[in-house]
Amino acid sequence: MNITVRSGPPGCGKTQELIYRAVFNQGRYLFACPRIDLIEERESDLKRMMAVSGTSPTLVVIHGQKGRRAPVHQQIVEAVERHRDDDHVIVLITHEGMMNADLDGCAGWHILIDEVPAAVVSDKLRAEAAAVY
C-alpha cells in the first residue's frame with residue numbers, strides 16, 4: 001500500500017499535484033479529503049482534468065450525505081473489493097471514512113491524503129492511564 005500525504009502552505013499546489021497524479025497515472029486510488037464539501041470540489045476538479053487529459057478512470061464518490069443505506073466504512077470496503085481489478089479508478093472519501101474503514105483490501109492501491117487529518121494535528125491526546133499503587 002502506497003500512502004502519500006502532501007502538506008505545505010495553502011496555495012502551493014498540493015491538491016492539484018494529487019489530482020494530476022490520479023488522473024494521468026493508471027492505478028487504483030483512494031483519495032481522502034477533510035470534508036464532504038471538499039470531496040464535491042475534488043469531484044469537479046477530477047472531471048475537468050479527465051476531460052482535458054482524455055483519460056477516463058472510474059470515479060466513485062463515497063460520503064454520508066449520498067443517501068445510501070450502508071455505513072460509509074462498509075461502502076469503502078465494498079468499493080475497494082468491487083474495483084480491485086480495475087486498471088484506473090479513483091474513490092473519493094473523507095478522512096473520517098478513511099480512518100474508520102478496514103483498508104486491509106487496499107494492497108496495490110495508492111492512498112492520497114489531501115491535508116493532514118485532524119486526528120493527527122489536534123495537539124491533544126486522550127488516553128486512559130491506570131497505575132497500581
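1. The structure contains one aromatic pair. The rings of Y20 and F24 have centres 4.3 Å apart and planes at 25°, so this pair is stacked. Rings of Phe, Tyr and Trp (its six-membered ring) pair if their centres lie within 6.5 Å; planes under 30 degrees apart count as stacked, over 60 as edge-to-face and the rest as tilted.

2. This is a predicted model: local features need pLDDT of at least 70, side-chain atom pairs count only at pLDDT 80 or more, and totals for chains, interfaces and linings use all residues. Residues are numbered from 1 along each chain as its sequence is written, and side-chain values use heavy atoms, with hydrogens and water left out.

3. Both Y20 and F24 belong to helix α1 (residues 14-24), where they are four residues apart, about one turn of the helix. Y20 is partly exposed at 46% relative accessibility, and F24 is likewise partly exposed, at 35% relative accessible area. Buried means under 20% relative accessible area, exposed over 50%, and partly exposed in between (1.4 Å probe, protein chains only).

4. The protein has four helices and five strands, in the order β-α-β-α-β-α-β-α-β from the N terminus. Helices (H or I, at least four residues) and strands (E, at least two) are DSSP runs, numbered from the N terminus.

5. Of the 133 residues of the protein, 39% count as buried. Among contacts (heavy atoms within 4.5 Å) between residues at least 6 apart in sequence, 71% join residues at least 24 apart.
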